[in-house]
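Subject: Structure for you to look at, with notes

Dear colleague,

Please find the structure below, followed by some notes on what was found in it. I would be glad if you read the notes with the model open beside you.

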Amino acid sequence: MRSASDGARERSRADAGGGPASQPTDRAAPGAALERVAGTVRRMVEPGGCAWHAAQTHESLTRYLVEETSEVIDAIERGLPADEVRAELGDVLYQVLFHAAIAERDGEGYDFAAVAEELNAKLVARHPHVFGDRGYLSVEELDREWERLKEDAAGEDRGSRGPLDGIPAGMPSLARAAKVVDRLQRGGHIDTSAVEQHPEDPFAAVIGPDEQQLAEFGIGDAMLALVTRANAAGVDPDRALRRAVDRLAARALHADG
């Protein structure tokens, strides 16, 4: 059974000119294509346009942004044809254009052009090894330098950023946990390679033979088993993970203090 949100999303896609029959145009002029679709979305949002679009707000659209992003991920992970991935990416772009059109309509001080210009300036500033005189950096060097590059781009003093600054509290718990662990590891606050494995450890069986590399199927099964145990115990696994991440961060950062 289709939900009401499914119908709303399909209406918005149809209004935007999306759907299987749409084809990419102006391959040699991406600027013209972007301007055309931005104008289409603005027309739907403006007075006299589409009533459904006119009624939307930044808040009401957040669920669709999450859904459309998830559909891109799903298309990529399922190995769908390129034209289907392209269509899903278009739906994500549509959400960006939609938010920008609302901001322009409601006089919030920015429009799509401002969003694009700010993004371009940020990308250039954060990549002096590409657009400046920093010189070539390998992937490994970039991993070590990334926080410093962001500080330099923002004109901040070196070391002024906290190791967990900029991680959204509203991220999905599992994605946030991975981000926090990665930041703490890159900052030298924890050493994940030093985690000791015991034969009785249920995770020991999912460690692959290649230098402790976790096997995707095994770790997925282990996580699913934990969720099943949490449900049986009446524990919210999402909340449990959030609180565990907070405890990890507190211990790691307190140890450095």
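Helices (H or I, at least four residues) and strands (E, at least two) are taken here as DSSP runs, numbered from the N terminus. This is a predicted model, in which local features need pLDDT of at least 70 and side-chain atom pairs count only at pLDDT 80 or more, while totals for chains, interfaces and linings use all residues. Residues are numbered from 1 along each chain as its sequence is written, and side-chain values use heavy atoms, with hydrogens and water left out.

Overall picture

The chain has eleven helices and zero strands, so that reading along the sequence gives the pattern α-α-α-α-α-α-α-α-α-α-α. Of its 257 residues, 22% count as buried, where buried means under 20% relative accessible area, exposed means over 50%, and partly exposed lies in between (1.4 Å probe, protein chains only).

The nonpolar cores

In soluble globular proteins, nonpolar side chains tend to be buried together. A nonpolar core is taken as a set of buried Ala, Val, Leu, Ile, Met, Phe, Trp, Tyr and Cys residues joined through side-chain atoms within 4.5 Å. The largest such core in this model has 15 residues, and the members that touch the most others are Val41, Val45, Trp52, Tyr94 and Phe98. Helix H2 (30-45), helix H4 (58-77) and helix H5 each supply at least two residues of this core, and H5 gives the most to it, with six residues. Apart from this core lies another, of seven residues, including Ile167, Ala177, Val245 and Ala249.

Val181 sits in helix H9 and is partly exposed, at 28% relative accessibility. Arg183 has its place in helix H9 (residues 173-186) as well, but this arginine is buried, with a relative accessible area of 6%. A polar atom of the Arg183 side chain lies 2.9 Å from the backbone oxygen of Asp165, which falls under the rule for a polar contact (a pair of N or O atoms within 3.5 Å; within protein, one must be able to donate a hydrogen and the other to accept it, and residues adjacent in sequence count only if both atoms are side-chain atoms).

Helix H6

Helix H6 (residues 112-125) has 14 residues and reaches 20 Å from its first C-alpha to its last, close to the 20 Å expected at 1.5 Å a residue, the expected span being 1.5 Å times one less than the number of residues. Its N-terminal end is capped by Asp111, which places a side-chain oxygen 3.3 Å from the backbone nitrogen of Ala113. Lys122 also belongs to H6 and is partly exposed, with a relative accessible area of 40%; its C-alpha atom is 9.1 Å from that of Lys150, 28 residues away along the chain.

Salt bridges

A salt bridge is counted where a side-chain nitrogen of Lys or Arg comes within 4 Å of a carboxyl oxygen of Asp or Glu, and by this rule there are six. One of them joins Arg242 and Asp238, at 2.5 Å from N to O; these two residues are four apart in helix H11 (residues 237-256), and therefore separated by about one helical turn. Arg242 is partly exposed at 35% relative accessibility, and Asp238 is partly exposed at 36%. Another bridge links Arg105 to Asp106, with the closest N and O atoms 2.8 Å apart; here Arg105 is partly exposed at 28% and Asp106 is partly exposed at 43%. The side chains of Asp74 and Arg78 also meet in a salt bridge, at 3.0 Å from N to O, with Asp74 partly exposed at 34% and Arg78 exposed at 55%.

With kind regards
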